[in-house]
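The sequence and structure are shown first.

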Amino acid sequence: MAESVLKIGAEAPKENRLGLKPTDYHGGKSTLCAGCGHDAISNQIVRAFYEMSVRPEGVAKFSGIGCSSKTPAYFLGRSHGFNAVHGRMPAIATGAILANHTLMGIGVSGDGDTASIGLGQFMHMVRRNVPMIYIVENNGVYGLTKGQFSATADEGSKLKTGVINDLPPMDLCALAVELGCGYVARGFAGDPKQMVNILKGAIAHDGLSVIDVISPCVTFNNHEGSTKGYQYSKEHDELLQQIGFVPAYEQIEIDYAPGEVREVTMHDGSRIILKKLEEDYDPSDAVQALQRLHRASSEGMMLTGLVYVRPEKKSFISLLNIMDEPLCTIDESRGRPPREALDKIMRELM
Ligand SMILES: Cc1ncc(C[n+]2csc(CCOP(=O)(O)OP(=O)(O)O)c2C)c(N)n1
Ligand code: SF4
Ligand SMILES: [Mg+2]
């Protein structure tokens, strides 16, 4: 696996631009198994939100059910949170973000939570482009219910009990690209530098960001024959690019040979810097993204990096032309149509 980050900007200071420390972004103590990939992802969420100086009280965390869905308790302890029913996080999150679009939403789900029971909800959230971050902590199994295969498990991979998976895997990145998501990335819990920059780009994106993170389950899916364990994932990780991130407030010029890097300017003026690796990959080309995902999967490889990005895609909030003031704060006299308006509607229906 190649080194996956560009060295841009100085070391992060001890306090961020809000005067907060990393500990201000911590949550409760994790109860997950030691070494679980999900904990590594929580650490990178803490780091990204701290380094991006996101106000913790302005964040709403959402999840469904699973070991992955427990993790919002372990980061951003000062933020709002709602632990929904299995697979139903998108509906809850959509309602909450519509009610208060000034909140920054982050949802954490599992491959079971998203690709099985919650698949319909996930697809409609992508189609609507609800502005929030949606992380799938993908371990190929239902960790919480003792390691049955999930719908993202690779064909031919083996459970600890020796059971072989005969079904083809569902690729959530491909699905998100197909449904028009404006920010699609795949990370690996064992590559924190790549993960933190993917998260920073997602924080800067105004729309839904789908991040599928291969997150090994050390208890049920990290053995010989598994294709989502640490060793296997490290050996099969195919990086699309090295990813750097420059926040809007930093005026850093990138000194690379022409054609070597591609810059993507985000809605807030920040820039994602993509250093090309083995090929000329264009992350704004949905067809190429799908082709590349298919190729990697047919070669037994795991493609990681920024798969697809379209910063200009209109979010659900812009599409609906919702007023700036959060809907949840307007009082009844303004939020409820007056008697005359209701009477007029009734007359029209007669
Ligand atoms: C309606 C409903 N059906 C089934 C379950 C049982 N259940 C709990 S978690 C889970 C799957 C969790 O897998 P995943 O989303 O991949 O999370 P992980 O534990 O692997 O992180 C299932 C089937 C449930 N809690 N509710
Ligand atoms: S069972 Fe697997 S997914 Fe759940 S906490 Fe343990 S290692 Fe993580
Ligand atoms: Mg899982």
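## Polar contacts of the ligand

A polar side-chain atom of D111 lies 2.8 Å from an oxygen atom of ligand 1, a polar contact being a pair of N or O atoms within 3.5 Å. The side chain of H38 places an N or O atom 2.9 Å from an oxygen atom of ligand 1. For V141, a polar backbone atom is 2.9 Å from a ligand oxygen. The protein buries 74% of the 590 Å² that ligand 1 exposes when taken alone (Shrake-Rupley areas, 1.4 Å probe).

The model is predicted: local features need pLDDT of at least 70 and side-chain atom pairs 80 or more, while totals for chains, interfaces and linings use all residues. Side-chain values use heavy atoms without hydrogens or water, residues are numbered from 1 along each chain as written, and chains are lettered from A and ligands numbered from 1 in written order.

## Shell around the ligand

The shell holds 17 residues, each with a heavy atom within 4 Å of the ligand.

## Sheet

Eight strands form an open sheet with mixed pairing, in the order β2-β1-β3-β4-β8-β7-β13-β9; strands pair if DSSP finds at least two bridges between them. The edge strands are β2 (80–83) and β9 (237–239). Strands β7 and β8 run parallel and are joined by six bridges, and R186 has D212 in β8 as its bridge partner.

How values were computed. A polar contact is a pair of N or O atoms within 3.5 Å; within protein, one must be able to donate a hydrogen and the other to accept it, and residues adjacent in sequence count only if both atoms are side-chain atoms. Helices (H or I, at least four residues) and strands (E, at least two) are DSSP runs, numbered from the N terminus.
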